[in-house]
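Dear colleague,

Please find the structure below, handed over for your study.

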Amino acid sequence: MHIKLKNLKRDYGTLHAVQDVTLDIPSNTIYGIIGRSGAGKSTLVRLVSMLERPDSGEVYYDDERVDNLEGKALIQRRRRIGMIFQNFNLFSSRNAAGNIAYPMEICGMDRANISKRVEELLSLVGLQGRGSAPISTLSGGQKQRVAIARALACNPDILFCDEATSALDPQTTRSILALIKELQAKMNLTVVMITHQMEVVRDACERVAVIDSGRIVEEGTVSDIFANPKSEVTKDFISNLTNVKDSIVRWSDEEGRFTLRFRGNTTDSPIISNVSIETGATFNIRAAGVQEVSGEDIGVMVVDIGPDEKSVRAAVEMLRKYGVSVEGEV
């Protein structure tokens, strides 16, 4: 399902939650929308999923406009959407199977088909034989698997994940993201992931839009965004991510004047040595490492360059000729 947003706006009094957002979300992909708390990402997903109407603008699923649907047409279209939430939103009064069955009951499916479908979904999310388990006995990861199965119960063509891993530990987060990727490929779903966690974008998404103060400030493939972030908010997200990853080693408390980003084959080349030899510049490396983003190696290095401004300018110019992204004032 191809999703297209045109000039969406949504205000709450004097709060401009979403301001003139235009996006093109390809079908059969995992698309990330990332932003800080209060940036407008949750409001945006409510507009895209038809839980709220925009003050102005249009939402299209394939070529059908959906933001203006009403009555039965709106209900029917919503039933083809799956939603996963941060806090699971499961019924404590129902066991795992009962929670998965609920949307099918609402749709009027007969009991025999519901039971068959519930067993299929429990197997699909790795919870075979756990249908009778009370929700209170399940771990956070198991609860989210029940929530995923419930979201897929009525065979949606779009799956929205609103901070779906924020309440989970890192290991469980990785397993849930792997499950979502597996299900997306198996079911040809369009998955939209709303998050404030850059590692979720890195590990699961193919494209990403960065939202700040209600506006999209950057959009592109995840590997492009990591290799060459343009907005300050994106740089901040990536910086906070790389500072805590095992793949990035920091041996100096100083920030460093320049951040260098290497992509693909450039991570294996002796670029720093070549630039130093050719320009006479000196490099003080304060942090460095490589991480995999969408199957591609992205390297980052935090450096100071010397010994004088002439050498700095020559080194930066040559680094860019080698295809290295350089952040910092020359």
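Helix α10 passes helix α11 in a right-handed crossing (right-handed if the near helix is turned clockwise from the far one by less than a right angle, left-handed if anticlockwise). This is a predicted model, in which local features need pLDDT of at least 70 and side-chain atom pairs count only at pLDDT 80 or more, while totals for chains, interfaces and linings use all residues. Residues are numbered from 1 along each chain as its sequence is written, and side-chain values use heavy atoms, leaving out hydrogens and water.

Helices (H or I, at least four residues) and strands (E, at least two) are DSSP runs, numbered from the N terminus. The axes of α10 (residues 271-279) and α11 (residues 309-321) come within 10 Å and cross at roughly 135 degrees. Axes are lines fitted to C-alpha atoms, for helices over the stretch in contact, and angles run from 0 to 180 degrees between N-to-C directions. The two helices are therefore oblique to each other (angles under 35 degrees count as roughly parallel, over 145 as roughly antiparallel, 65 to 115 as roughly perpendicular and the rest as oblique).

In contact (heavy atoms within 4.5 Å), Ile271, Ile272, Val275, Glu278 and Thr279 of α10 meet Ser311, Ala314, Ala315, Met318 and Leu319 of α11.

The model also has an open sheet of six strands with mixed pairing, in the order β6-β7-β8-β3-β9-β10; two strands pair if DSSP finds at least two bridges between them. Its twist averages 15 degrees from one strand to the next. Within the sheet, β3 (residues 30-34) and β8 (residues 190-195) run parallel, joined by five bridges, and Ile34 stands opposite Thr195 in β8.
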